[in-house]
Structures are given as C-alpha cells and as structure tokens.
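Please read the following points beside the sequence and the structure.

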Amino acid sequence: MGSTSLPWKDARLLAEVMQRVRDDYVDPVSDHQLLQNAIRGMVEALDDHSTFLSPDEFDDMKVSTTGAYAGIGVEVVPGKGGVEVVHRMEGSPAQRAGIESGDVIISIDGLAVDASDLDGAIARMRGPEGSTIRLLIRRAASATPIEFQVERAHVQLQSVTGEMLTNDIAYLRISSFTDSSATELEQMVDRLEHAHAQKISGFVIDLRNNPGGVLDSAAQIADDFLDRGTIVTAEGRASDAKFRIEAKPGDISNGASLVLLVNGGSASASEILAAALHDNHRATLIGRRTYGKGSVQTIMPLSDGQALKITTSRYFTPAGISINGIGIVPDTLLDGPEQPPADLDAADGVTSTGAGSAVSTLAQRDPQVALALHALTSHAGAIARRSTDAPAAAAK
C-alpha cells in the first residue's frame, strides 16, 4: 500500500502550474476554478466513465437514475426557432394544459428559447413542484403563437413501453434502466396479459440504443425471466464492489420464448441483461454487436452538492466473460445500414393494430422487430425459452 500523503514534488509542480496559469493565462482564472478543473481532470483521466459532477450535473444524474423530477413532462428536441415537443407524457402537466406533440416552444417565462441550447431549455422547464411556468408555443394549426401557463408537478419518466405485435406475441421496449424500470416492466407485462384473452407465448424485448443505468434494475428484470442461474458477477477492490447476483425461482412470462434486440447503442446494464438471459439459454439475441462496457460506476456524494462517479468494479457475464471493449455478438448478426427503432403503435401500451387496418404496424415499420417476430412465429424451436425441466414456481 502506497503512502497516503501527497508526494512533495507533485504538490510543488501543481502549485507551480497554478501560479503560471494565474499570472500568464490570457484571461483571469480564479484559484477555485483552477482547482475544480484539476479535480475534474484527475478523475476523468482514470477512464472513459469516471467523472467529477457539479451540483447541476449531480441533479441530472439523479433524474436519470430515479426517473423522477419536478417539471412539465415533455420530451423535446431542437426545432426551428425553439425546441419541439416530440413526446408528451401521459397524465403530465403538459398534457393537462393542452400542449401537443409537434408544438414548438419558442419562449419560456418571456425569454426566447435557443434551439442550440437544448439542455438550457430543459433546465428552465424544470423547477420546484407547484411553481408555474409560462410557455409561448408555435403550433402548425395556429396562425399566431399560443401562450400556456403550466404548473410544474412530480413527473416519473417512463422507461418501459409495450404493446402486442400479434394475438400472442408481446413487444417490450426498455429505453434506460432507472430505479423503477423493473416495476414498470412487471406492470406492463401484467397489463398486456390482462388486455388479451390469449396466453402470451413470446416476447420481443428491445434494448436498442439503451445506454444502461441502474444495474440492480437490469438484474431484477433478468431475474423476472429466470428461474435459476447466475445473472452477473463483479470484481473490485472494495468489499462491496465484489458481488454475485443469482436468479430466484419464478418467471413472470411463464416460460414464454424471448428474443432480445440489441445494437451498438446497447451498453452497460443493457449488456448485463442481454448476457444474463443469453448465457442462461433463456433468450436469443438479434441485431448488432453491443457497445462493450464491462464496468460498474458508483456515485459518491461530496460536499457542496457535488459528487464523484468512479469505476469501482468490472463485471463478468454468467459465462465468466468480460465484454469490456468487446461487446456481445448476437446470435443473428445484422449488417448494412441501420434505421432507428420505430415509434410504437399504441400510446397506451396495451392495444395493437389489427391485421386488416390501413395503418402500418410496428413490425411493418421496423425491420428488426419484423425479424424478431418472424423468428418467434416461424422458428419457435430455435428460440430460447425456459427449459422444460426447470422447477415449477409461482410468478414473482
């Protein structure tokens, strides 16, 4: 174990560099800013996933892990002259106020919205629960902008959506892993099962462009579909950085066949879920090689609302493999141009488009979903499902 004291030569060099910058840099820089930059550089030089978080960055991290914040409940992208609403969450303040998808927010509380500063616009729409925000919106059907007064409220991000592809094949999309993702998935499976009289025989689980998130949520979802087996193991220096997660009896799908869709944007917790189901012969993977992030980061709160996110473990698949920098190669490997996942058919997540409808279905709009559906319906014997010799257990 090395000395815990700072080597005097390095301490002197740091002080010398700070003095040079303080005296000679083209613009004045405070000692506080220099030290903040030094801390950030020290942490970020460790690896691609460790970082020092400012209070605002820490708040954003909390939103991505808890899935909850106080705001108006819209998803926005840069638009012409502002930010465009691409999704309005069910039951959100935005929905209650009458804001619609396609609306362009051009002003927030009297200040113009810069389309190039998406993060700034999002930050201004968040605020204390119960506070009011004034939005000026441009709508295609209106000749003049429309003003809305919206009261901010608690918003829970929805990380799991789903619908029926056929009478007995369900589709689940997991966009990220938050603290509530496992509960959301379990509730969605229950809704889909109760909305259709026929038993669900197969699930397409879409992990494309899912960057990961809370490891425990991914492990719980893997456990939801496994009766037994290792889900993930991890090694690190700290005692709590070494762990092994095993599945408990109980399969919420009652042994239905599983196909997982993955691509280069499927990373971290997505890869943990994919490997857990694949290595336990529970799911077949279709798509492109995954990202290859085989490490676990821990968020450590610091003083003044700041935090440290550092790599504390390296994880291994049930087969004992580290996928770091390698990724997971699907059973059916696709190549050529890739189009983004298509929007779901049903906003409520439980209905499906009838075969005779003139409206195109999700499987018709999304070739990878169509491929998974074809695999489930035409080659059921080749699709991974729960082993028939697995012990019977009640659904968790």
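1. Where is the place of Ser92? In this predicted model, Ser92 belongs to the loop between β4 (82-88) and α4 (93-97). Ser92 is buried, with a relative accessible area of 4%; the cut-off for this term is under 20%. The side chain of Ser92 reaches the backbone oxygen of Met89 at 2.7 Å. Leaving aside residues up to four places away in sequence, Ser92 touches Ile72 and Gly73.

2. One aromatic pair is found when the whole structure is searched. Phe203 and Phe225 form this pair, which is edge-to-face, with 6.1 Å centre to centre and 65 degrees between the planes. Phe203 lies in strand β12 (residues 202-206) and Phe225 in helix α7 (residues 215-225), so the pair ties together parts that are 22 residues apart in sequence. Both Phe203 and Phe225 are buried.

3. Helix α7 deserves a separate comment. Nine of its 11 residues are buried, so α7 is largely enclosed by the rest of the structure. Among the buried residues of α7 are Leu215, Ile221 and Phe225, and also Asp223 and Asp224.

4. The count of salt bridges comes to 16. One of them joins Lys62 to Asp59, with the closest N and O atoms 3.8 Å apart. Lys62 and Asp59 are three residues apart in helix α3 (residues 55-66), and are therefore separated by about one helical turn. An α-helix has 3.6 residues a turn, so residues three or four places apart point the same way. Lys62 is partly exposed at a relative accessible area of 39%, and Asp59 is partly exposed with a value of 39%. Lys62 also lies over the face of Phe58, at 4.4 Å from the ring centre.

5. Arg208 forms a salt bridge with Asp366, and the closest N and O atoms are 2.8 Å apart. This pair links distant parts of the chain, 158 residues apart: Arg208 is in the loop between β12 and α7, and Asp366 is in the loop between α9 (362-365) and α10 (367-378). Arg208 and Asp366 are both buried. A network of salt bridges links Arg173, Asp206, Arg208 and Asp366.

6. Arg365 forms a salt bridge with Asp345, the closest N and O atoms being 2.9 Å apart. Here Arg365 in helix α9 is linked to Asp345 in the loop between β19 (332-333) and α9, 20 residues apart. Arg365 counts as partly exposed at 27% relative accessibility, as does Asp345 at 26%.

Key
Residues are numbered from 1 along each chain as its sequence is written. This is a predicted model: local features need pLDDT of at least 70, side-chain atom pairs count only at pLDDT 80 or more; totals for chains, interfaces and linings use all residues. Side-chain values use heavy atoms; hydrogens and water are left out. Rings of Phe, Tyr and Trp (its six-membered ring) pair if their centres lie within 6.5 Å; planes under 30 degrees apart count as stacked, over 60 as edge-to-face and the rest as tilted. Helices (H or I, at least four residues) and strands (E, at least two) are DSSP runs, numbered from the N terminus. Buried means under 20% relative accessible area, exposed over 50%, partly exposed in between (1.4 Å probe, protein chains only). A charge sits over a ring if NZ of Lys or CZ of Arg is within 6 Å of the ring centre and within 35 degrees of the ring normal. A polar contact is a pair of N or O atoms within 3.5 Å; within protein, one must be able to donate a hydrogen and the other to accept it, and residues adjacent in sequence count only if both atoms are side-chain atoms. Contact means heavy atoms within 4.5 Å. A salt bridge is a side-chain nitrogen of Lys or Arg within 4 Å of a carboxyl oxygen of Asp or Glu.
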